[in-house]
Amino acid sequence: PDVIDGKTFTSTVVDLNPWVEYEFRVVASNKIGGGEPSLPSEKVRTEEAVPEIPPSEVSGGGGSRSELVITWDPVPEELQNGEGFGYVVAFRPSGTTTWIQTVVTSPDTPRYVFRNESILPFSPYEVKVGVYNNKGEGPFSAVTTVFSAEEEPSTAPSGVSATSLSSSAIQVSWTAIPWKMSNGRLLGYEVS
């Protein structure tokens with residue numbers, strides 16, 4: 001607070017974070033300056049509130065066959081605003097309207113893995129992660145796109161042909177694998 005009149009013996013401190021322990025000191029001052037600070041008060045905790053900050057850096061990808069891996073940076077304890085803090089992970093295949101939701105109850109957990117045989121390899125999913133505590137649900141992060149796990153390509157290149165160029169060189173050519181059949185980011189081909 002601003003400097004308080006010398007005849008006042010109480011003050012209200014505002015704009016504090018919810019569910020955080022604080023201790024206070026008081027310093028008396030006059031025209032010459034400030035004196036020594038008092039001993040600290042007992043620690044006092046502000047009341048709980050609904051969380052206001054969603055996790056940051058929501059992303060994901062990788063994992064094993066038939067998995068969707070979702071990751072985030074956990075919310076620091078001083079921003080959890082109360083007991084019973086956790087995450088609400090929501091995801092859906094891109095282009096659909098219904099969200100699949102699950103709850104992650106550990107405040108320190110930085111990821112969730114959804115396993116299901118129906119997940120197609122390297123498929124885009126819309127993902128968002130929200131927060132909650134005993135006081136209620138807070139906001140969700142912005143929606144981001146995460147791809148399910150890649151798998152090995154499901155088909156071989158077609159149209160393989162070879163042409164002799166010289167006594168020591170042969171040119172090999174083929175038709176590229178269609179994107180849908182590559183089951184991931186195609187890194188290259190191996191000619192044997």
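Reply: A residue counts as buried when its relative accessible area is under 20%, as exposed when that area is over 50%, and as partly exposed in between. Let us keep that in mind as we read this predicted model.

Me: Thanks! Is S66 buried or exposed?

Reply: S66 has a relative accessible area of 8%, so S66 is buried. As for its place in the chain, S66 lies in the loop between β5 and β6. Leaving aside residues up to four places away in sequence, S66 touches F114, R115, N116, E117, I119 and E151.

Me: And what about S64, buried or partly exposed?

Reply: S64 is found in the loop between β5 (56–60) and β6. Its relative accessibility is 45%, so S64 counts as partly exposed. Here is one more number for S64: S29 is 35 residues away from S64 in sequence, and their C-alpha atoms are 65 Å apart in space.

Me: Let us turn to strands. How do strands of a sheet pair?

Reply: In general, strands of a sheet pair through backbone hydrogen bonds, and the pairing can be parallel or antiparallel. In this model, three strands form an open sheet in the order β5-β6-β9, with antiparallel pairing. β5 and β9 each have a single partner strand and stand at the edges, so one side of each has no neighbour in the sheet. On average, neighbouring strands of this sheet are turned by 15° against each other, direction ignored.

Me: Which strand pairs with β10?

Reply: β10 pairs with strand β11 (residues 136–140) in the antiparallel sense, over three bridges. A hairpin joins β10 to β11 through two residues. If you want to find a bridge on screen, pick G130 and look for F140, its partner in β11.

Me: Now the inside of the protein. Where do nonpolar side chains tend to be?

Reply: In soluble globular proteins, nonpolar side chains tend to be buried together. Here the largest nonpolar core has 18 residues, and L68, I70, W72, Y87, V89, F91 and Y112 have the most contacts inside it. The elements giving two or more residues to this core are β6, β7, β9 and β10. β10 provides the largest share, four residues.

Me: What does W72 touch?

Reply: Not counting residues up to four places away in sequence, the contacts of W72 include P55, V58, Y87, V89, V104, Y112 and V129. Both W72 and Y87 are buried.

Me: Are F122 and F147 stacked or tilted?

Reply: Their planes are at 20° and their centres 4.6 Å apart, so the pair of F122 and F147 is stacked. F122 lies in the loop between β9 (111–115) and β10 (124–133), and F147 in strand β12 (residues 144–147), so the pair ties together parts 25 residues apart in sequence. F122 has 8% relative accessibility and so counts as buried, whereas F147, at 26%, counts as partly exposed.

Me: One last thing. Over which ring does the charged end of K128 sit?

Reply: The charged end of K128 sits over the ring of W99, 4.4 Å from the ring centre. K128 also lies over the face of F140, at 4.7 Å from the centre of that ring.

Conventions. Residues numbered from 1 in each chain as written. Predicted model: local features only at pLDDT ≥ 70, side-chain atom pairs only at ≥ 80, totals over all residues. Heavy atoms only, no water. Buried < 20%, exposed > 50% of the residue type's maximum accessible area, 1.4 Å probe, protein only. Phe/Tyr/Trp six-rings, centres within 6.5 Å; stacked < 30°, edge-to-face > 60°. Lys NZ or Arg CZ within 6 Å of the ring centre and 35° of its normal. Pairing = 2+ DSSP bridges. Core = buried A, V, L, I, M, F, W, Y, C linked by side-chain atoms within 4.5 Å. Contact = heavy atoms within 4.5 Å. Axes fitted to C-alpha atoms, helices over the stretch in contact; angles between N-to-C directions.
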